[in-house]
Amino acid sequence: MSFDFINDDKKEKALLIAVDTGDYDAQTSMNELCELAATAGAQVEGQMIQKRDTVDGATFVGKGRLKEISEFCKNNEIDLILADSELSPVQVRNIEDAADTRVVDRTTLILDIFASRAQSKEGKLQVELAQLKYSLPRLTGKGTSLSRLGGGIGTRGPGETKLETDRRHIRRRIQYIKNELDNVERRRDMQHKRRKKNGVRVAAIVGYTNAGKSTLMNRLTDAGVLQEDKLFATLDPTARKLYLPDGQQIMIVDTVGFISRLPHQLVDAFRSTLEEATYADVILNVCDASSPECHNHIKTTKDILTSLFEGGIVDVPVINVFNKCDIAADVEDITYPYGRDNCVKISAKTGFGIDDLLRAITDALPQTRKRVNLLLPFDKAGIAAKIRKDGIVHSEEYMQQGLFLDCTAEISFLDTIKDYIV
C-alpha cells in the first residue's frame, strides 16, 4: 500500500509548513523535512514556520498564516503542502479547502518513503502494517449516503456503510499481516538460537538515517548494499560475515536508520527488525561527524533503542562511530561527551580509521580467545590441526624438540594445551 503522492514523471512543487511550539528545534526539524521531501522526489519552493503556544486544532496554523499559505500556493503553482507534524483529518481537510492544494503530513511522507524503499517481503509487510494502522482512524465517509440497501423482505434498512466496510477490510488485513510477521519473527528467533548455539558473535550497526551505515557495511564486508546520499536509502536488514584482526569470525548486521520524531507506527512495525540490536554482542552507533546535529543524532538513536527494549541496552557494549570524518570541519573534540574508550573516528568512504574500528570491536567483545606460544611434541600433531581449524596460526616452525606455534586459541581449549605453553 502506497500513498503515491509524488509523481515520478514530474517533480511536484512543495511548500513546507511547521508550527514552532518550543517542544523541539523547529528549524532543524524543518531541514529534515526538506531532505525527506527531496528523497520522495518533491521540489521545495518555500518554507513557513509559525511560532505559537499550541497548534490550531482546526487548521494547524493560525488563520492569518493560513491565508498566506493559500496566496503562496496560488502565486507559485504549488502542488503539495508538507506539514512537519502529524495532522488530524480535520486539519488536512481545512488546509486543503483553504489553499486548494493537497496536504501531506510528516508521518505520511515518511511512510511513503518507506513503502518505496522496502524490498523484502518482511519489509513490505511492515510498511503496509504501519500505513494501515495510521490510516484506520483517519478514514472518513459520507454516512448513510454510501449505505448498501437491502432488496427484499428482512433486508431493508440503512445496511452497512462503505466506511464501515473499509474499516472492517483494513482490520482484517492488519490481522493477516500481524500473523505473517509473527511467523517471520519465529523464524528469526530460531536463527538467533542457532547462532547462539554455534557461538556466533553479532555486531549490529544502528544510527541516524544517512549517517553512512550501508557504506560502512560495504567497506567492512563487500556486502553490495545500496548506498545513496538520501534518507532511508535502505530498509531491509543485511547480515554478513566479518573477520576481525585476531581471526575471530563474527556476524555484522545492518539495521534501518532512525530519525527524530520517528512515527510510532514505524517503530512498532519494525520492532522485530530493530530487535537485531538486542541479540548483538556489540552495537555500533554510527553518526555523521560532519553534521552539526551529530550529538543529537547519537542521543536520538539511544533513546529509540531504550524505548524499544525493556531495561535499555546497558548490558551491551556500544561503540560510538563518528563517520564522514574526511569532510567534518573539526573532529578533534567531537568525542568529548563520550570519552575516548568507546569512540572511533572513521571515514567509511575512504577507509580512514577502519583498522581502529575493527580493534575496538575486538576489544568490546567478551574475550573467548588468547594468543599463546606452544611447543608441541611431534606425536601431538592433532592439537595443531585443531588449532588450525578452530583458531588461527600466526606462524609455525619445526624444531628439534617439536612443533613451535605462535597461535590464537579458544580460551576453553587452554586447559587442554596448558602443558605445552611456553
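Glycine 391 sits in the loop between α12 (381-390) and β12 (392-398). Helices (H or I, at least four residues) and strands (E, at least two) are DSSP runs, numbered from the N terminus. The model is predicted: local features need pLDDT of at least 70, side-chain atom pairs count only at pLDDT 80 or more, and totals for chains, interfaces and linings use all residues. Residues are numbered from 1 along each chain as its sequence is written, and side-chain values use heavy atoms, with hydrogens and water left out.

**Glycine 391**

- Glycine 391 counts as buried, at 17% relative accessibility. Buried means under 20% relative accessible area, exposed over 50%, and partly exposed in between (1.4 Å probe, protein chains only).
- Its contacts are Arg369, Lys386 and Thr408, leaving out residues up to four places away in sequence. Contact means heavy atoms within 4.5 Å.
- Glycine 391 and aspartate 246 are 145 residues apart in sequence. Their C-alpha atoms are 9.1 Å apart in space.

**Whole protein**

- The protein holds 13 helices and 13 strands.
- Of its 422 residues, 49% are buried.
- Take the contacts between residues at least 6 apart in sequence: 68% of them join residues at least 24 apart.

**Nonpolar cores**

- A nonpolar core is a set of buried Ala, Val, Leu, Ile, Met, Phe, Trp, Tyr and Cys residues joined through side-chain atoms within 4.5 Å.
- The largest nonpolar core has 41 residues. Leu82 and Leu109 have the most contacts inside it.

**Helix α5**

- Helix α5 covers residues 121-135, 15 residues in total.
- From first C-alpha to last, α5 reaches 21 Å, close to the 21 Å expected at 1.5 Å a residue. The expected span is 1.5 Å times one less than the number of residues.
- α5 is mostly covered, with 12 of its 15 residues buried.
- Among the buried residues of α5 are Glu122, Gln126, Glu128 and Tyr134.

**Packing of α7 and α11**

- The axes of α7 (residues 213-221) and α11 (residues 354-364) come within 12 Å and cross at roughly 85 degrees. Axes are lines fitted to C-alpha atoms, for helices over the stretch in contact, and angles run from 0 to 180 degrees between N-to-C directions.
- α7 is therefore roughly perpendicular to α11. Angles under 35 degrees count as roughly parallel, over 145 as roughly antiparallel, 65 to 115 as roughly perpendicular and the rest as oblique.
- α7 contributes Leu216, Arg219 and Leu220 to the contact, and α11 contributes Ile354, Leu357 and Leu358.
- These contact residues divide into five nonpolar, no polar and one charged. Ala, Val, Leu, Ile, Met, Phe, Trp, Tyr, Cys and Pro count as nonpolar, Asp, Glu, Lys and Arg as charged, and the others, Gly among them, as polar.

**Positive phi outside glycine**

- Glutamate 77 has phi near 55 degrees, a positive value in a residue other than glycine. Glutamate 77 is placed in the loop between α2 (63-76) and β3 (80-83). At 57% relative accessibility, glutamate 77 is exposed.
- Asparagine 210 is not a glycine, yet has a positive phi of about 65 degrees. The loop between β5 (201-207) and α7 holds asparagine 210. Asparagine 210 is buried, with a relative accessible area of 18%.

**Arginine 106**

- Arginine 106 belongs to helix α4 (residues 106-117).
- Arginine 106 is buried, at 3% relative accessible area.
- Beyond residues up to four places away in sequence, arginine 106 touches residues including Glu32, Asp84, Ile259 and Arg261.
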